[in-house]
Amino acid sequence: MPFIEVNLGQAKEPKPVAIGKYDLTVLAADVGQTRVQKKPQFIVTIGIDGHDEAPPVMNYMNIHAEGDEPKTSEFKSLILKRFLTAFGLSVPTNGYDPEQLAMEMVGAKARCDLTLDTEKDSEGNEKVDGRTFNRLQIPRLKDEAGLGASAGAGSKSAPKPPKR
């Protein structure tokens with residue numbers, strides 16, 4: 001193998017961005033499995049626009065599976081709908097093909113909040129030398145947060161204060 005000319009002294013660990021709202025782009029989306037239960041999940045890699053030095057944000061969403069309890073299925077639907085809505089993707093109304101949906105996610109854009117989190121051990125405790133990374137905060141659906149068109153419907157506005 002020939003000599004490779006490179007200055008390894010310039011290599012740096014990527015650092016997450018500060019907490020805030022950022023423009024984001026889905027770089028990759030795959031169908032994989034959860035580590036422990038081996039259930040299907042979306043594994044989404046998200047870039048932070050204008051922050052090429054920051055590591056990508058990883059987002060994981062469980063996929064509907066045979067045998068899901070009704071409440072579990074409802075929660076999976078809500079999480080997926082929030083993600084699709086935030087990234088401007090169409091929301092399927094009669095089912096979806098996970099592989100196809102993952103392909104549709106690639107290139108989608110959103111403006112969302114990023115927070116910071118620290119790597120945890122299997123018991124949920126922060127690791128002593130755990131890495132710090134950005135975590136995506138998907139906004140609630142407008143009707144979910146009480147901000148939709150039906151919010152306040154039927155209620156009367158407060159009376160005007162008396163003139164003085």
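**Notebook: rings, strands and a surface patch**

I went looking for aromatic rings first, counting a pair when the ring centres lie within 6.5 Å. By this rule the count comes to two aromatic pairs. One of them is F83 with F87, a stacked pair with 4.6 Å centre to centre and 25° between the planes. I noted both values because a pair of aromatic rings is described by the distance of the centres and the angle of the planes. Why does it count as stacked? Because planes under 30 degrees apart get that label, and here the angle is 25°.

A reminder to myself: this is a predicted model, and I'm reading everything below with that in mind.

**The whole chain**

I stepped back to get the overall layout. I found two helices and five strands. Going from the N terminus, the order reads β-β-β-α-α-β-β. The chain has 164 residues, and 27% of them are buried. I also looked up the accessible surface, which is about 12,300 Å², with 52% of that belonging to carbon and sulfur atoms. Among contacts with a separation of 6 or more, 51% are between residues 24 or more positions apart.

Then I followed the strands. β1 and β2 run antiparallel, joined by nine bridges. They form a hairpin with six residues between them. In that turn I spotted K38, which has a positive phi of about 55°.

On its other pairing, β2 is joined to β3 (residues 57–62) by six bridges, and these two run antiparallel as well. I picked I43 in β2 to trace across. D30 stands opposite I43, and in β3 the bridge partner of I43 is Y60.

How many residues of β2 are buried? I got seven of the nine in residues 40–48, so I'm calling this strand mostly covered, since buried means under 20% relative accessible area. For later: in a regular strand the side chains alternate between the two faces of the sheet.

**A patch on the surface**

Last, I looked for nonpolar side chains on the outside. M1, I4, V6 and L8 form a nonpolar patch on the surface, with about 550 Å² of accessible area together. I zoomed in on L8, found in the segment before β1 (20–33). Its relative accessible area is 67%, so L8 is exposed.

Terms used:
Residues are numbered from 1 along each chain as its sequence is written. This is a predicted model: local features need pLDDT of at least 70, side-chain atom pairs count only at pLDDT 80 or more; totals for chains, interfaces and linings use all residues. Side-chain values use heavy atoms; hydrogens and water are left out. Rings of Phe, Tyr and Trp (its six-membered ring) pair if their centres lie within 6.5 Å; planes under 30 degrees apart count as stacked, over 60 as edge-to-face and the rest as tilted. Patches are made of residues with over 30% relative accessible area and no salt bridge: like charges are joined within 9 Å, nonpolar side chains (Val, Leu, Ile, Met, Phe, Trp, Tyr) within 5 Å. Accessible areas come from the Shrake-Rupley method with a 1.4 Å probe; for residues, only the protein chains shown count as cover. A salt bridge is a side-chain nitrogen of Lys or Arg within 4 Å of a carboxyl oxygen of Asp or Glu. Helices (H or I, at least four residues) and strands (E, at least two) are DSSP runs, numbered from the N terminus. Buried means under 20% relative accessible area, exposed over 50%, partly exposed in between (1.4 Å probe, protein chains only). Contact means heavy atoms within 4.5 Å. Two strands pair if DSSP finds at least two bridges between them.
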